[in-house]
Amino acid sequence: MAPPHGNDRHTSGHTPGHTRRAVLAGVAAAGALGAAGCSRVATVSTTSGGDLLGRLKAQGVVRLGIAGEIPFGYIDKDGQLTGEAPELAKAVFKRLGVDKVQPVPTEFGSLIPGLNSQQFDVVAAGMYVTPERCEQVVFADPDYQVLDAFVVRKGNPKGLHDYKDVVTKKAKFATGTGYAQIQHAVDAGYKQGDILIVPDQVAGLNAVEAGRVDVFAGTALTTRAVVQKSAKAESTRPFAPLVDGKPRIDGGAFAFRPTETKLRDAFNVELQRLKKSGELFRILRPFGFTRAEMTDLTAKELCGG
């Protein structure tokens with residue numbers, strides 16, 4: 001993605017600098033809870049495929065790198081670890097013989113460096129799978145996919161359904177600081193200097209409700225959630241933005257150190273079982289995910305391999 005840059009959780013997958021800002025929650029609690037969890041894990045194995053899974057079984061706990069973002073991985077108001085990725089981790093690792101998960105909160109931009117420097121065992125933050133990241137870590141297959149969507153005034157008076165509409169109808173456009181949607185709009189022909197950049201989707205909703213902009217762009221998941229209690233705004237039908245002229249669907253997944261392919265493969269086996277049984281959807285649904293966010297995408301596809 002393009003400037004502005006940030007240490008945020010997602011990228012659109014085509015240019016490594018562009019990111020979408022995290023919606024932070026429970027940060028203070030996360031810092032307190034994570035303080036005791038920042039010591040190094042055991043040194044990396046030189047065994048082919050890694051032996052981390054065996055060590056995790058022996059110690060009975062896996063350390064999860066999280067970025068304090070609703071709904072992906074965060075500490076709630078009661079100081080408890082939750083979010084789609086931690087809850088999925090609990091289910092998968094229990095099946096793998098590891099009964100306890102321990103959060104290690106950090107900034108999103110520190111997740112991959114922290115993973116590779118042994119600060120935790122796995123990234124559980126709903127991280128987008130991109131070719132650039134695939135050069136640094138190995139990903140499980142995505143546990144969700146996500147499209148873009150807009151926040152617009154009730155009834156969508158300007159008929160804005162994709163970025164082409166925004167450009168041709170000369171709509172006043174906003175998105176969040178560091179969001180992938182900045183570049184999506186620019187790729188469609190919108191002048192970057194004309195984009196109103198706001199801190200997050202709540203500020204974007206406020207801008208639409210106040211009439212300062214016609215549209216705010218985010219992911220389908222976040223736009224759907226932010227308009228739930230609004231009497232003035234609604235979210236549009238999700239759509240795939242065009243990246244290099246092709247529709248782009250992003251997927252989020254768990255990340256592992258490149259040496260730990262055995263753990264990644266074992267994780268994938270249990271993930272596929274949860275997908276087939278419908279249990280994955282039951283785990284993710286309380287966090288606002290719908291069946292539209294369920295996916296059969298593979299890490300190989302998203303890595304470009």
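This is a predicted model: local features need pLDDT of at least 70, side-chain atom pairs count only at pLDDT 80 or more; totals for chains, interfaces and linings use all residues.
Me: Why is Met127 called buried?
Reply: Buried means under 20% relative accessible area, exposed over 50%, and partly exposed in between (1.4 Å probe, protein chains only). Met127 has 1% relative accessibility, and therefore counts as buried. Met127 belongs to strand 5 (residues 122–128); strands (E, at least two residues) and helices (H or I, at least four) are DSSP runs, numbered from the N terminus.

Me: What makes the buried residues of helix 2 line one face?
Reply: In helix 2 (residues 52–59), Leu52, Leu53 and Leu56 are buried. Seen down the helix axis, the buried residues fall within an arc of 100°, so they line one face of helix 2; the arc is that of the directions from the helix axis to the C-beta atoms.

Me: Against which elements do these buried residues pack?
Reply: The buried residues of helix 2 pack against strand 1 (61–66), helix 3 (84–95) and helix 10 (261–277). Contact here means heavy atoms within 4.5 Å.

Me: Why is the pair of Phe72 and Phe289 called edge-to-face?
Reply: Rings of Phe, Tyr and Trp (its six-membered ring) pair if their centres lie within 6.5 Å; planes under 30 degrees apart count as stacked, over 60 as edge-to-face and the rest as tilted. Phe72 and Phe289 are 6.2 Å apart centre to centre, with 85° between the planes, so the pair is edge-to-face.

Me: What does this pair tie together?
Reply: Phe72 lies in the loop between strand 1 and strand 2 (74–75), and Phe289 in the loop between helix 11 (279–284) and helix 12 (299–303), so the pair ties together parts that are 217 residues apart in sequence.

Me: How do you know that Asn156 makes a polar contact with Leu160?
Reply: A polar contact is a pair of N or O atoms within 3.5 Å; within protein, one must be able to donate a hydrogen and the other to accept it, and residues adjacent in sequence count only if both atoms are side-chain atoms. The side chain of Asn156 reaches the backbone oxygen of Leu160 at 3.1 Å.

Note on methods: Residues are numbered from 1 along each chain as its sequence is written. Side-chain values use heavy atoms; hydrogens and water are left out.
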